[in-house]
Amino acid sequence: MPLYCLHCLDNETDGASRRAATRPAHLEWVASLGDTCRMAGPLLSEEGGMIGSVFLMVAENAVAARALNAADPYTKAGVFGRVHISETRWAYGEGKPA
């Protein structure tokens with residue numbers, strides 16, 4: 001099944017406050033994905049603050065990857081200002097599926 005990278009940058013107006021308010025629901029949602037989510041974590045500024053999120057997700061196709069993003073509580077709460085979704089291939093590194 002294809003692998004998609006979701007690169008999500010917080011909106012610069014109030015993304016940080018929306019992120020803080022929605023974080024528990026977001027983390028619960030990510031945990032509920034099981035093997036669909038191969039990797040997830042925050043994107044950090046040079047100062048160490050959270051400025052976005054990155055995911056590696058298994059999905060049937062790009063439409064399904066966009067649907068996963070739409071289901072994220074962060075997306076629903078308007079945390080993200082920009083989202084880029086691209087199919088990718090895991091060429092190297094720990095955790096690469098066999």
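Is Tyr74 buried or exposed? At 0% relative accessibility, Tyr74 counts as buried, where buried means under 20% relative accessible area, exposed over 50%, and partly exposed in between (1.4 Å probe, protein chains only).

## About the model

This is a predicted model, in which local features need pLDDT of at least 70 and side-chain atom pairs count only at pLDDT 80 or more, while totals for chains, interfaces and linings use all residues. Residues are numbered from 1 along each chain as its sequence is written, and side-chain values use heavy atoms, with hydrogens and water left out.

## The sheet and its helix

Let us start with the fold elements. Helices (H or I, at least four residues) and strands (E, at least two) are DSSP runs, numbered from the N terminus. Four strands make an open sheet in the order S2-S3-S1-S4, with antiparallel pairing; two strands pair if DSSP finds at least two bridges between them. Strand S2 (37–44) and strand S4 (80–88) are the edge strands, each pairing on one side only. On average, neighbouring strands of this sheet are turned by 15 degrees against each other, direction ignored.

Strand S1 (residues 3–10) pairs with S4 in the antiparallel sense over eight bridges, and His7 stands opposite His84 in S4. Helix H1 packs on the sheet and touches S1, S2, S3 and S4, with contact meaning heavy atoms within 4.5 Å. The direction of H1 makes about 25 degrees with that of S3. Axes here are lines fitted to C-alpha atoms, for helices over the stretch in contact, and angles run from 0 to 180 degrees between N-to-C directions.

## Aromatic pairs

The structure holds two aromatic pairs. Rings of Phe, Tyr and Trp (its six-membered ring) pair if their centres lie within 6.5 Å; planes under 30 degrees apart count as stacked, over 60 as edge-to-face and the rest as tilted. The rings of Trp29 and Phe55 have centres 6.3 Å apart and planes at 80 degrees, so this pair is edge-to-face. Because Trp29 lies in helix H1 (residues 15–32) and Phe55 in strand S3 (residues 50–58), the pair ties together parts that are 26 residues apart in sequence. Trp29 is buried at 12% relative accessible area, and Phe55 is buried at 1%.

Tyr74, from our opening question, forms an edge-to-face pair with Phe80, at 5.8 Å centre to centre and 85 degrees between the planes. Phe80 is buried too, with a relative accessible area of 12%.

## Salt bridges

How many salt bridges does a search of the whole structure find? There are two, each being a side-chain nitrogen of Lys or Arg within 4 Å of a carboxyl oxygen of Asp or Glu. One joins the side chains of Asp10 and Arg19 (2.8 Å, N to O). Asp10 is buried, with a relative accessible area of 10%, and Arg19 is buried at 5%.

The side chains of Arg18 and Asp14 also meet in a salt bridge (2.9 Å, N to O). Here Arg18 is partly exposed at 34% relative accessible area, and Asp14 is partly exposed at 27%.

## Cysteines

A disulfide is a pair of cysteine sulfur atoms within 2.5 Å, and by this rule the count comes to zero. For Cys8, the nearest cysteine sulfur is that of Cys5, 8.4 Å away. Cys8 is buried, with a relative accessible area of 0%.

What about Cys37? The sulfur of Cys37 is 11 Å from the closest cysteine sulfur, in Cys8, so the two are too far apart for a bond. Cys37 is buried, with a relative accessible area of 14%.
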